[in-house]
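Please open the structure in your viewer and keep the selection tool at hand.

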Amino acid sequence: MDRRNLLGPAALSAAALATPALAQSATPEVRWRAASSFPRVFDVLYGTMERIAARVAQLTDNKFRITTFPAGEIVGGLQVLDAVQAGTIEAGHTAAYYYIGKDIAFAPFTAMSFGLNTRQMTAWTRFGGGNQLAADLFREYNIIGHTAGDTGAQMGGWFRNEIRSLSDLQGLKFRITGLAGQLFTRLGAAPVLTAPADIYPSLERGVIDAAEFVGPHDDERANYVRVARFYYAPGFWEPGARLHFMSNIRAYNALPDLYKHAIELACAEADSDMVARYDHLNPQALRRLIAAGAQLRFWPREILQAAWRANEEMVGDLGSRNARFKTIMDSYRAYRGEMFQWHRVSENSFDNFAFTAAAQQ
């Protein structure tokens, strides 16, 4: 006998109501493609996008799957935003400052010279209005952006020859990204924008004289120490570098709310995960690089002071020509002022004593 007939219509209705809401909603199967600006060899940078995709799948019971592609497999590393904007792909993981050729207002959402560090950037974006300013800009490019990872303070790059004074920067062909390239132009260098995958061969062939990328872990994997020995610190133009997971706005708006929340959560986790990985891996890599022949150097004070002055002038000049950039930087710099004052009292006073004391043991 059919047990359903014994239960009757009323019992079946009650059973249906008891079914979990998620199962009743029949959430759709969704497949996205996402391109990274980074080659697969950079396991933290490229791997962050893989981890975001895996977390999104986990949170959606594998119904929302994002297939990831390293730089060059679908689009070049510096064309990710264009592909997402056009809808060629649904998403990408990239650095906003790669696209200052479209609008210099992209720059502050990745890094600014002598700007906010990683923790300060998180505070500004989440609570100081930064995310809303970014959303207003990204919307004009058909993009929804979520912050998704940070490198922490970066190194100052690899140089074929030692940099002893400002005169050594004159005419230097230096691979560097974002507005930092314009800053080094003011210091007399000749900046070159080179995709990550092309840095090593460009150094090896002498197309460029120096290059900055991220820090010891990534730089070791790229073997820059084989073609340029002098390794400088700090990367004062990147006191932290925030990345974004960019979604095509039409594709994103078509998602169920559950899937949107999954992206948001996965990206928020990536913000802390990436910097923790670098903090763990970089000290070990730096020791190995020095053992392999890297000559660790620090920027001469003359260059740091000249760079600070040039950066202040540059930000003012750019703001006078781009109203959106000025609006963003007014918010950014006001927040920087407050953060710098607070961290002088807290973080910096501790670091100045404890780091020195530990080194003297």
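This is a predicted model. Begin by selecting strand S3, residues 91–94, together with strand S10, residues 242–248. S3 and S10 pair in the antiparallel sense, over four bridges. Within this pair, select His93 and look across to S10, where the bridge partner of His93 is Phe245.

Now widen the selection to the whole sheet. Five strands form an open sheet in the order S2-S1-S3-S10-S4, and their pairing is mixed. At the edges stand S2 (64–69) and S4; each has a single partner strand, so one side of each is left without a neighbour in the sheet. From one strand to the next, the twist averages 25°.

Then move to helix H5, residues 118–127. Which residues of H5 are buried? They are Thr118, Gln120, Met121, Ala123, Trp124 and Thr125.

Finally, inspect the two ends of H5. At its start, select Asn117 and Arg119: a side-chain oxygen of Asn117 reaches to within 3.3 Å of the backbone nitrogen of Arg119. Just after H5, select Gly129, which takes a positive phi of about 100°.

Technical notes
Residues are numbered from 1 along each chain as its sequence is written. This is a predicted model: local features need pLDDT of at least 70, side-chain atom pairs count only at pLDDT 80 or more; totals for chains, interfaces and linings use all residues. Side-chain values use heavy atoms; hydrogens and water are left out. Buried means under 20% relative accessible area, exposed over 50%, partly exposed in between (1.4 Å probe, protein chains only). Contact means heavy atoms within 4.5 Å. A polar contact is a pair of N or O atoms within 3.5 Å; within protein, one must be able to donate a hydrogen and the other to accept it, and residues adjacent in sequence count only if both atoms are side-chain atoms. Two strands pair if DSSP finds at least two bridges between them. Axes are lines fitted to C-alpha atoms, for helices over the stretch in contact, and angles run from 0 to 180 degrees between N-to-C directions.
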